[in-house]
Amino acid sequence: LSVNITIYLKQWYQRRVRAKYSSYCHLPAVRAMCAYTCQMHPSDCGGLQENVDLLVGSLTTPHGDCTAPVIANGRVTNEGTINAGDKLEIECDAGYVLSGTDNYCVLQSIYGPDSRLIQTCVAATSGMEYTGVGADLSSTVSTTLAGTTCANWLEVTLTGKYEKATVSEGLAYKTAGNNNFCRNPTGLHEDEEAIDYAPYCLTYDVNLAEFGDVDISFGEDVDADATSLTSIYAKKTYCADAPKCGGGLCDNPLIFDEYPYCALFNTKDCYYSVGEKQAEFMWGFCQFSCCVEIGCLAAPTGGTEATSSATETPPVTTTASWW
C-alpha cells in the first residue's frame, strides 16, 4: 500500500509541475528543452547547438525599426522610421559625394554591415589641387603614385591591419574618415598640422614594379607572373611626389647657407617618388633647397636672403646647378 501511495504522489507531483510550465510551451526554447512537459517526443528536441541557438534567440528574426542617423553635409531620404532590412538612403549636398558601403537597418537603430561604418558625405573635387602639404586636399582620387588602389581609411584603422605607425599617425588615419581618397589628415583637432609632407593613403596592394630588377621569390600559391600582390597589412603610400606652393609651407624656410651640408644632397630627393626616407630628411632639414626645387622660391643670386615668389611657378624638373 505504501508503495502505491508513493507512486501516486510522484505522478501527482509530476502532473502539477507539467501543468505549471505547460503554459510556456508556445515558446520554442521551452518546447525544445522541456519535451516531456510539452508532450513532445524526445527526437523532436534537436541537438545541443540547436537548443542553445533557440535559448539565446539567434534563430529569431530581428525586428524593430531604425531611426534615421544625422548625416553631416547630407540628409537621409527614407520617409519616417526605417524598417529592418531596408537600405539607408542618403543624399549629399552639392560638392559632396557619398562614400562607404551601403547600410541596412538591422535592429533598433543599429545599421549593418558594421554600425561604426555609416556612409558619409565627403567634400570632393576631381583633381589633385592642394596647397602646401595637402591638408586642404578634397580630391576623390584613390590611386597612389605606384598605381595601387587606396583602401578605406576607417575600415583599415578599425581592424588595425596597417603597418607600424606612431600614435599620432594612427589617430590621423582614423580621422580621414569612411572613404578611400588620398588625404593628408591632421588628426583629432582641426588646428593640428598634417603629419606628412604630401598626400597619401593606405593600401593593401603592392606594385611589384617598385622593386625594379630585384629577384623576388614567390610561394607555391602565388602566380609568378603577377604584377601586383595583396598584403595582409595596409601600407602608407604617397599619392603625390612633393608638397606644393602655398599653405605657408615655403613662407619662411631656413636659408640653406645656415646648413651647408644641404648642398651635398641631390635636390631630387625632395620628391617622394625618389625615396620616402630621403624626402623626409630633405623637407625636415633642407626645406629651403626643396622649396627652390619645386619652384616656390627663387634660387639665391648672392647673399643668403630668399624671396618668396608672388605666384606659383612650374616645378623645376632638373637638379639645380647652383650647388
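Helices here are DSSP runs of H or I with at least four residues, numbered from the N terminus. The model is a predicted one. Just after helix α5, G177 adopts a positive phi of about 100 degrees.

**Helix α5**

Helix α5 spans residues 167–175. Its buried residues include E169, G170, A172 and Y173. These four sit on the same side of α5, because they cover an arc of only 160 degrees around the axis.

**Aromatic residues**

The structure holds nine aromatic pairs. One of them joins W153 and Y173. This pair is tilted, with 6.0 Å centre to centre and 45 degrees between the planes. It links distant parts of the chain: W153 belongs to helix α4 (residues 153–159) and Y173 to helix α5, 20 residues apart. W153 is buried, at a relative accessible area of 0%. Y173 is buried too, at 3%. Both residues belong to one aromatic cluster, along with Y162, Y200, Y238 and Y272.

| Lysine | Ring | Distance from ring centre |
|---|---|---|
| K236 | Y200 | 4.7 Å |
| K244 | Y130 | 4.6 Å |

F181 is in the loop between α5 and β7 (200–207). Is F181 buried or exposed? F181 is buried, because its relative accessible area is 9% and buried means under 20%. F181 touches V97, V122, S139, T140, V141, S142, W153 and C201, leaving aside residues up to four places away in sequence. F181 and C201 are 20 residues apart along the chain, and their C-alpha atoms are separated by 7.1 Å.

Key
Residues numbered from 1 in each chain as written. Predicted model: local features only at pLDDT ≥ 70, side-chain atom pairs only at ≥ 80, totals over all residues. Heavy atoms only, no water. Helix = DSSP H or I, 4+ residues; strand = E, 2+ residues; numbered from the N terminus. Buried < 20%, exposed > 50% of the residue type's maximum accessible area, 1.4 Å probe, protein only. Contact = heavy atoms within 4.5 Å. Arc of directions from axis to C-beta. Phe/Tyr/Trp six-rings, centres within 6.5 Å; stacked < 30°, edge-to-face > 60°. Lys NZ or Arg CZ within 6 Å of the ring centre and 35° of its normal.
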